[in-house]
Amino acid sequence: MENGAAQPVIVAIDGPSGTGKSSTSKAVAARLGLSYLDTGAQYRAITWWMVNNGIDIEDPSAIAAVAGKPEILSGTDPAAPTITVDGTDVAGPIRTQEVTAKVSAVSAVPEVRARITELQRSLAASAERGIVVEGRDIGTTVLPDADLKIFLTASPEARAARRSGELKGTDVHSTREALIRRDAADSSRKTSPLAKADDAVEVDTTELTLTQVIECVVTLVEEKRAAK
């Protein structure tokens with residue numbers, strides 16, 4: 001590395017929920033001094049705004065008509081990522097069951113995806129030291145030229161157990177059903193489905209601890225950065 005300055009590196013981490021994506025992405029960004037973006041939070045934020053403003057979630061044209069209205073700001077510090085909508089801190093409200101149940105429908109609307117994708121690209125472009133961007137279509141659609149693409153997977157059982165641990169008081173069976181439904185919805189949507197990029201490195205986290213997953217990804221990023 002010339003002048004001791006590391007090249008900025010753009011890392012895309014995709015995969016379904018419950019694979020350890022957020023915890024891994026945040027930890028890797030913090031370890032390597034990179035920015036961090038949770039794209040799922042942006043889709044949750046626009047969904048929260050739709051619900052809050054009484055938009056009919058069953059009507060894609062109603063959603064499309066107002067997709068440009070909310071101002072969504074994402075803070076990209078991995079130690080303390082923030083998200084606001086029209087100046088309101090929504091980090092808590094976007095994690096409710098109501099938003100979770102509706103995010104797939106809102107995310108499937110092409111105008112919503114176009115709007116949020118544009119936000120994501122501008123954040124990635126302005127990250128001086130590089131960024132870890134986690135989501136479901138980052139390596140395929142949002143940042144197809146990312147330096148490194150990782151696709152995290154895990155068995156539905158492992159993912160449900162992890163989600164139940166996060167969502168206190170929920171039972172594993174219903175969580176597993178909800179995960180499978182959401183994956184099916186996100187994988188089958190026409191615009192930017194949840195998919196693994198051809199050049200992505202797949203990491204199956206079923207049998208790994210979070211620490212092992214982080215180590216694995218950090219190593220992959222460091223190798224990529226050294227080769228730039």
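Buried, in this presentation, means under 20% relative accessible area, exposed means over 50%, and partly exposed lies in between, with a 1.4 Å probe and protein chains only. By that criterion arginine 225 is buried, with a relative accessible area of 12%.

Colleagues, the model is predicted, so local features need pLDDT of at least 70 and side-chain atom pairs count only at pLDDT 80 or more, while totals for chains, interfaces and linings use all residues. Residues are numbered from 1 along each chain as its sequence is written, and side-chain values use heavy atoms, with hydrogens and water left out.

I stay briefly with arginine 225. This residue lies in helix 9, residues 210-227; helices (H or I, at least four residues) and strands (E, at least two) are DSSP runs numbered from the N terminus. Between the C-alpha atoms of arginine 225 and leucine 148 there are 9.2 Å, although the two are 77 residues apart along the chain.

I turn now to helix 2. Spanning residues 39-52, helix 2 has 14 residues and reaches 20 Å from its first C-alpha to its last, close to the 20 Å expected at 1.5 Å a residue. The expected span is 1.5 Å times one less than the number of residues. Eleven of the 14 residues are buried, which leaves helix 2 mostly covered; Tyr43, Trp48 and Trp49 are among them.

What is found at the two ends of helix 2? At its start, a side-chain oxygen of aspartate 38 comes to within 3.0 Å of the backbone nitrogen of glycine 40. After helix 2 comes glycine 54, with a positive phi near 70°.

Next, the packing. Two packed helices are described by the angle between their axes and the distance between the axes. Helix 2 packs with helix 4, residues 97-107, at an angle of about 100°, and their axes are 9 Å apart. Helix 2 is therefore roughly perpendicular to helix 4, a term for angles of 65 to 115 degrees, whereas under 35 counts as roughly parallel, over 145 as roughly antiparallel and the rest as oblique. The axes are lines fitted to C-alpha atoms, for helices over the stretch in contact, and angles run from 0 to 180 degrees between N-to-C directions.

Contact means heavy atoms within 4.5 Å. Helix 2 contributes residues including Tyr43, Ile46 and Trp48 to this contact, and helix 4 contributes residues including Val99, Lys102 and Val106. The residues of the contact divide into eight nonpolar, three polar and three charged. Here Ala, Val, Leu, Ile, Met, Phe, Trp, Tyr, Cys and Pro count as nonpolar, Asp, Glu, Lys and Arg as charged, and the others, Gly among them, as polar.

Helix 5 is my next element. It has 16 residues and reaches 22 Å from first C-alpha to last, close to the expected 22 Å. Glutamine 120 is found in helix 5, residues 110-125. Is glutamine 120 buried or exposed? Glutamine 120 is buried, at 1% relative accessible area. Its side chain and that of glutamine 42 are joined by a polar contact of 3.1 Å, that is, a pair of N or O atoms within 3.5 Å; within protein, one must be able to donate a hydrogen and the other to accept it, and residues adjacent in sequence count only if both atoms are side-chain atoms. Not counting residues up to four places away in sequence, glutamine 120 touches Leu37, Thr39, Gln42, Tyr43, Ile138 and Val142.

Finally, aspartate 86. This residue is in the loop between strand 4 (82-85) and strand 5 (88-89). At 44% relative accessibility, aspartate 86 counts as partly exposed.
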